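Please keep the sequence and the structure in view while reading.

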Amino acid sequence: MSESEVVLQALRASFTAHDAGDVEAFLRYLHPAGTLFHTNADLLIPLDHDTVRAAHSAGYGGQIAIRHAEANVYEENAVVTAYLGGIFKWAGGGSVQGTWRYSSVWCKENGQWRIVHTHISPLSPQHTAALAGNDSTQP
């Protein structure tokens, strides 16, 4: 298996844990100094483990499908791009449903790939329609 495939496997596993609400499994894929720009156009969010645990305890979660995922590996770093579709549930209530662009930067430490930064932003309606027919979760 190539390193790109290993990173994509980690990506899928991270979203499986995310969607199942298994915060401890999800945290295995997050660098404790990681950051996030989420779908709600908020300011930069820290992904330290205490913040992530608190968000999940307050109801954060989702059901997300990954489409067209690609990983480019540069030694001990990787850049992942994909499209996400589904629903994110916010801590404290509310949710957002849609299709988004996804990119993340991963680093390999002690043999494990972990997310150090993620950016999720909405697609324009014309591009969302172009993806509508493909619900594959494989790259």
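Of the 139 residues in the protein, 40% are buried, where buried means under 20% relative accessible area, exposed over 50%, and partly exposed in between (1.4 Å probe, protein chains only). This is a predicted model, in which local features need pLDDT of at least 70 and side-chain atom pairs count only at pLDDT 80 or more, whereas totals for chains, interfaces and linings use all residues. Residues are numbered from 1 along each chain as its sequence is written, and side-chain values use heavy atoms, with hydrogens and water left out.

The accessible surface of the protein comes to about 7,300 Å², and 52% of that surface belongs to carbon and sulfur atoms; accessible areas come from the Shrake-Rupley method with a 1.4 Å probe, and for residues only the protein chains shown count as cover. Among contacts between residues at least 6 apart in sequence, 54% join residues at least 24 apart, a contact being heavy atoms within 4.5 Å.

**Fold and sheet**

The protein has four helices and six strands, which follow the pattern α-α-β-β-α-β-β-β-β-α along the sequence. Helices (H or I, at least four residues) and strands (E, at least two) are DSSP runs numbered from the N terminus. The six strands form an open sheet in the order E2-E1-E6-E5-E4-E3, with mixed pairing; two strands are taken to pair if DSSP finds at least two bridges between them. At the edges lie strand E2 (45-46) and strand E3 (61-74), each of which pairs on one side only.

Two helices pack on this sheet. Helix H1 (residues 3-20) touches E3, E4, E5 and strand E6 (112-122), and its direction makes about 165 degrees with that of E3. Helix H3 (residues 49-57), by contrast, touches strand E1 (30-37), E2 and E6, with a direction at about 60 degrees to that of E1. For these angles, axes are lines fitted to C-alpha atoms, for helices over the stretch in contact, and the angles run from 0 to 180 degrees between N-to-C directions.

**Hairpins**

Strands of a sheet pair through backbone hydrogen bonds, either parallel or antiparallel.

| Strand pair | Bridges | Residues between the strands | Residue with positive phi |
|---|---|---|---|
| E3 and E4 | 12 bridges | two residues | Glu-75, near 60 degrees |
| E4 and E5 | 13 bridges | five residues | Gly-92, near 85 degrees |
| E5 and E6 | 10 bridges | two residues | Asn-110, near 50 degrees |

Gly-62 has Phe-88 in E4 as its bridge partner, while Leu-84 is partnered by Trp-100 in E5 and Cys-107 by Arg-114 in E6. Val-79 has Val-105 in E5 as its bridge partner, and these two valines, together with Tyr-74, form a nonpolar patch on the surface with about 250 Å² of accessible area together. Tyr-74 itself is placed in strand E3.

**Selected residues**

Thr-118 lies in strand E6 and counts as buried because its relative accessibility is 6%. Leaving aside residues up to four places away in sequence, Thr-118 touches Thr-35, Leu-36 and Phe-37 as well as Tyr-102, Ser-103 and Ser-104.

Gln-63 lies in strand E3 and, at 44% relative accessibility, counts as partly exposed. With residues up to four places away in sequence again left out, Gln-63 touches Asp-19, Gly-85, Gly-86 and Ile-87. Gln-63 and Gly-21 are 42 residues apart in sequence, and their C-alpha atoms are 9.8 Å apart in space.

Gly-21 is found in the loop between H1 and helix H2 (23-27), and this glycine is partly exposed, with a relative accessible area of 46%. From Gly-21 to Gly-59 the separation is 38 residues in sequence and 9.1 Å in space, C-alpha to C-alpha.

How values were computed:
Patch = residues over 30% accessible without salt bridge, like charges linked within 9 Å, V, L, I, M, F, W, Y side chains within 5 Å. Salt bridge = Lys/Arg side-chain N within 4 Å of Asp/Glu carboxyl O.
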